[in-house]
Amino acid sequence: MAASVATSLAFGALPLAALPAAAQDAPASFADLAERVSPAVVNITTTTTVAANTQRGPMLPEGSPFEDLFRDFMNPGGGDPEPRRAEALGSGFVISEDGYIVTNNHVIENADDISIELFSGKTLKAKLVGTDPNTDIALLKVDSDEPLPFVPFGDSNAMRVGDWVVAMGNPLGQGFSVSSGIVSARNRALSGTYDDYIQTDAAINRGNSGGPLFNMSGQVIGVNTAILSPNGGSIGIGFSMASNVVQDVVKQLREYGETRRGWLGVQIQEVTPDVANAIGLDRAYGALISGVPDGPAKDAGIEPGDVITSFAGQEVSDSRDLVRRVADAPVGESVPVVVMRDGRTQTLNVKLGRREEAESAANGSPQQEERHEGEVLGLSVTPLNPQIAQELGMDPQDKGLAITGVDEMSEAYMKGLRSGDVITEANQEPVATLSDLEDRISAARDAGRTSVLMLIRREGQPRFVALSLADDAK
C-alpha cells in the first residue's frame, strides 16, 4: 500500500490509542489522528472469475476486409473463448489483533480470492467469515505472525450533526488516503430494512467502500458504504453505516458466521396523527399492527389493530424503530411487548423466532384475509359474497365490505382507497354489512373521536386507513 502518512509508532497487542473524547472543536490538523489510526486501515483486492464472452460479433459478408479484424478483436487468442479473471478494489479496517477485518459485502461479493494489503505494505490472504447483505457488511479473517494494530468501535448514537469526522481508505485505487468533513445528517435510510446511515461531506469515492469513518477520538463510528452522485464521483454526499448497527452484525458473524435476527411475525405501518386520534392515542408513536400471520406474535395474542408502544422495556418511536429493536433482540428469548388495544395498554410476552428461518420458509403463498354494502364516507360498498370474494382473489368464506366506488372529491380517494378494496374492520371490530360499519361510526362519534380507523385489504395485503367523520356529517 502506498503510504501517504508516515508513522513512527510501534503497535502491539493493545488497541490504537484514541485522542481525547472532548476534541470536537475544529482541529488545527488531522495529522495526529491519521498517524494513530492509519496502521489499522487496509486495502482489499478481490479476484473473480468472469464467464467467457459468448456474444457473436457483427455479421460481415464472407471475404470482407473487416472479417479478420473483428475475429481478432473478439477472440484475439483464437479457439473457444475462455473465462477471464477480474480484479476489484476496496477498503477495510482491522478490529482485533488476531486479524478480524470489517468491509462491505459488495466489496468481496462473489470473490474467488481476497488479498489484504496492510498499511506497511505487507500482503496477506483473507478468508471470508460471513456476510450480511441486508447491511452490506462482511467480516474477513487473516492470519499474521504478529499482533495487528486495530481500531475500536465508537458510539454512533453519540455523534451529532456538525461533528468532525475523518474517512480513510483506497479511493479509485490510488492507495491510502484521508479526507475530512462533518456529520451532515443522522439516521438516513436508503433502501434496506435495517438502514441507519450517517451522512457526511467527507470525500468518499469508489474504492473507499468498506473503509472506516472516524470520530475525533480515533473510534470507528461508521463504515463508508455509498455515495449520492450523478457522475460516480464525490459531490459531498456520502453515507456510512452507523457503527452501532455494524457492531451487532459483526458480533453475530464472528460467533455464528451468519446473522441471527429476532422475528416478531407482524405486518406493521406508521401511526399517523389521524390514526392516533382514531384509536385514542395521545400522540403519534409506536407501530400499528396491520396483519398477524402465523408466528410468535400470533401465538402471544397480538392482534391486528394493536399498537406496539414498548418493546423489551423501551418505548417504540415508530415502525422503523420497532424493526431494528426486534432484529437486535435475542432469538428464542421471551420479550415483554406493550400494546394499546381498545384504549387500554396490556403487556404480552412474545418468544421471538429467527427472521432468517422465517424468510426461508416463506417462499410462497401470500396471505389472504377477510373483509361489507351502501354509501358512507365517500365510499360505495356492498357485502362480500363468495362470487365477489373469488373475483377479488379472496377466500369465498371471507366476510367484509367490498368497495364498488369512491367519490374522487372525498378524503377516502385522497388516501388511496379504490374500487376493489375490501373493508374488513372498523374501529378494530369486524364489519360484514353496511349496518355494522354505520354502528362503528356512531360508536366513534359517541366516544368523541373525529375519525374512524378502517382495516382495508387489497390483493390480500392489509392496510389501516383513518377517515375523518366530517365527510359523513349529516
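Which residue with positive phi follows H11? Helix H11 is followed by Gly448, whose phi is near 80°. The structure is a predicted model, in which local features need pLDDT of at least 70 and side-chain atom pairs count only at pLDDT 80 or more, while totals for chains, interfaces and linings use all residues. Residues are numbered from 1 along each chain as its sequence is written, and side-chain values use heavy atoms, with hydrogens and water left out.

**Helices**

Helices (H or I, at least four residues) and strands (E, at least two) are DSSP runs numbered from the N terminus. H11 comprises residues 434-446 and reaches 18 Å from its first C-alpha to its last, close to the 18 Å expected at 1.5 Å a residue; the expected span is 1.5 Å times one less than the number of residues. Its buried residues are Leu434, Leu437, Arg440, Ile441 and Ala444, where buried means under 20% relative accessible area, exposed over 50% and partly exposed in between (1.4 Å probe, protein chains only). Because they cover an arc of only 125° around the axis, they lie on the same side of H11; the arc is that of the directions from the helix axis to the C-beta atoms. They pack against strands including E21 (374-376), E23 (401-406) and E26 (451-458), contact meaning heavy atoms within 4.5 Å.

In helix H7 (residues 319-328), the buried residues include Ser319, Asp321 and Arg324. Strands E14 (267-270) and E15 (287-291) are among the elements that cover the buried residues of H7.

**Nonpolar cores**

A nonpolar core is a set of buried Ala, Val, Leu, Ile, Met, Phe, Trp, Tyr and Cys residues joined through side-chain atoms within 4.5 Å. The largest has 29 residues, of which Phe93, Ile95, Val102, Met168 and Val246 touch the most other members. Helix H4 (243-256) is one of the elements that supply at least two residues each, and H4 gives the most, with five. Apart from this core lies another of 22 residues, including Leu377 and Leu417.

**Aromatic pairs**

The structure holds four aromatic pairs. Rings of Phe, Tyr and Trp (its six-membered ring) pair if their centres lie within 6.5 Å; planes under 30 degrees apart count as stacked, over 60 as edge-to-face and the rest as tilted. Two of the pairs are tabulated below.

| Pair | Centre to centre | Angle between planes | Class |
|---|---|---|---|
| Phe119 and Phe176 | 5.0 Å | 80° | edge-to-face |
| Tyr197 and Phe239 | 6.2 Å | 75° | edge-to-face |

Tyr197 lies in strand E9 (residues 197-200) and Phe239 in strand E12, so their pair ties together parts that are 42 residues apart in sequence.
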